[in-house]
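Welcome! Let's walk through a few local features together, one question at a time.

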Amino acid sequence: PMPPAAPVTTQTLSSSCSQFAVMASDLRVGDAQHQAVERRAHHELAREPARGLARRGRVVEHLVLGRGHGGQCVRGAVFHEDMAGGATERAAAVADDLVDAVVAGGAHEVGADGNVDVAAGAVGADEGGLGHGATVGRARPGVSPLGGDGRDGRRVRTLGGMQSIAIHRHGGPEVLEALDLELPPPAPRQVRVRHTAIGLNFSDINVRNGGFYLGRGPRFPVILGNEAAGVVEAVGAEVTEWRAGDRVAYAGTGGLFFQDTGAYAEARNLPADCLVRLPDDIDDRQAAAMLLKGLTASVVIHRCHRPQPGDTILVHAAASGVGSLLAQWSHHLGATVIGTVGSQAKAEFARAHGCDHTILYRQEDFVAATKQLAPQGLAAVFDGVGKDTFIPSFDCMRPFGAVVNYGNASGPVPPFDLMLLAQKGCLALHRPGFGFHAITPETRAQACGELFDLVRSGALKVEVSRTYALADAALAHADVEQGRTVGSVLLIP
């Protein structure tokens with residue numbers, strides 16, 4: 001964990017700028033542009049602390065995080081937003097955290113190939129959160145996995161073993177860290193899969209935040225993710241249904257969706273029973289973008305409320321991955337679909353993906369707007385937002401309607417008196433989880449086969465709006481969490 005930022009004073013900032021000079025020397029950066037930026041930070045700091053601080057943020061991004069321009073990394077973006085808004089004290093704390101993160105990372109050296117090697121010791125954490133035989137190899141504490149995408153030739157190099165992205169504590173995107181693992185050979189009834197595409201889901205963000213646990217939380221470190229596609233590399237004893245070279249995908253490994261995570265990795269040993277065979281006409285990225293989200297939509301449609309002609313359905317966050325699939329599926333079954341969205345661009349996306357009407361919830365009261373569109377009330381609400389939208393949606397329902405909460409994007413739904421369901425029209429309450437819907441290899445194959453058929457027919461369009469390198473998982477989390485994406489988001493190892 002990063003140490004707390006020191007009190008913000010001109011002396012503190014000057015001291016931190018001096019650290020940059022030492023850091024530049026340690027990195028052996030000979031690039032004249034980097035040195036000029038660093039010198040300018042000293043000059044600007046002496047002339048005007050706030051302006052010097054802005055320069056200092058750019059030094060951090062340019063020298064340390066491998067980004068050549070301001071606002072291209074998570075904490076760098078926060079820094080510049082704070083500076084623009086005049087919140088210089090918080091900006092200084094963010095910048096101090098960035099400095100501390102690099103200083104805490106150990107020895108740094110730019111190799112002949114221009115990559116930054118980061119030396120680190122072994123992690124003395126409980127390995128129980130890694131799952132399926134993985135053991136900790138090397139970690140890079142304090143070094144963000146935001147470390148560049150090759151655009152300026154400097155990128156953190158994996159020091160050996162298999163690269164993964166893990167957390168050692170709950171928190172924001174900054175708690176995501178690169179972690180090297182050593183994978184043993186697959187155990188009996190296990191399969192090793194080399195990932196080619198990894199699905200990013202809001203449940204990953206909730207696990208990162210610590211928002212899913214009713215009792216004891218996980219044992220750290222925890223590798224996030226429960227959805228990916230890839231290729232079988234090796235099989236353990238007693239595995240007869242898979243062989244090297246098979247294209248496969250998975251969503252979860254048999255338990256609850258926040259248990260036994262581990263998809264944010266280059267490869268993984270998995271139970272043979274959790275895999276789904278990919279047909280030739282479904283590519284890896286499609287599969288990683290649709291499997292968990294599609295199975296979540298499937299459990300809502302088949303186990304909670306099946307839309308039909310004459311129904312009016314409200315889908316919250318209709319431009320999201322699950323929301324857009326639910327909107328399309330409901331429309332395909334003949335229902336009229338209303339979708340709430342956060343921007344005009346998302347409204348256009350939602351209307352192209354199943355919504356007959358859209359409501360810009362930041363600009364108007366969605367309850368009043370829904371009542372105007374559906375004066376007789378809704379047959380069902382499909383809600384992946386949670387705290388901000390679920391209980392207010394009760395006022396939109398027709399008698400005996402279904403209220404379905406499948407996600408917590410704004411936070412968990414607060415406790416409420418069950419009598420409220422009777423008072424609002426004898427409503428049926430559902431809180432589904434896809435793991436109970438397709439729990440056996442046979443039912444899972446059947447559910448996935450239905451999804452593949454819906455994609456083939458054009459009833460469901462799976463949209464991958466953005467892809468990020470696995471090393472940029474923290475940036476991806478920040479973008480999804482701040483609502484800057486639509487459809488599905490993938491991490492590419």
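This is a predicted model: local features need pLDDT of at least 70, side-chain atom pairs count only at pLDDT 80 or more; totals for chains, interfaces and linings use all residues.

Q: Is Leu 256 buried, partly exposed or exposed?
A: Buried means under 20% relative accessible area, and exposed means over 50%. Leu 256 has a relative accessible area of 32%, so it counts as partly exposed.

Q: Which residues form a nonpolar patch on the surface with Leu 256?
A: The patch has about 310 Å² of accessible area, taking its members together. Along with Leu 256, it is formed by Phe 436 and Ile 439.

Q: Which residue is joined to Pro 221 by a cis peptide bond?
A: Pro 221 lies in the loop between helix 6 (202-209) and strand 7 (222-223). The cis bond has an omega of about 0°. The partner of Pro 221 in this bond is Phe 220.

Q: What is the phi of Ala 317?
A: Ala 317 belongs to the loop between strand 12 (312-315) and helix 8 (321-332). Its relative accessible area is 27%, making Ala 317 partly exposed. Ala 317 is not a glycine, yet its phi is positive, near 55°.

Q: What is the relative accessibility of Cys 426?
A: Cys 426 lies in the loop between helix 11 (419-423) and strand 17 (428-430). Although Cys 426 is not a glycine, it has a positive phi of about 55°. Cys 426 counts as partly exposed, and its relative accessibility is 42%.

Conventions
Residues are numbered from 1 along each chain as its sequence is written. Side-chain values use heavy atoms; hydrogens and water are left out. Helices (H or I, at least four residues) and strands (E, at least two) are DSSP runs, numbered from the N terminus. Buried means under 20% relative accessible area, exposed over 50%, partly exposed in between (1.4 Å probe, protein chains only). Patches are made of residues with over 30% relative accessible area and no salt bridge: like charges are joined within 9 Å, nonpolar side chains (Val, Leu, Ile, Met, Phe, Trp, Tyr) within 5 Å. Accessible areas come from the Shrake-Rupley method with a 1.4 Å probe; for residues, only the protein chains shown count as cover. A salt bridge is a side-chain nitrogen of Lys or Arg within 4 Å of a carboxyl oxygen of Asp or Glu.
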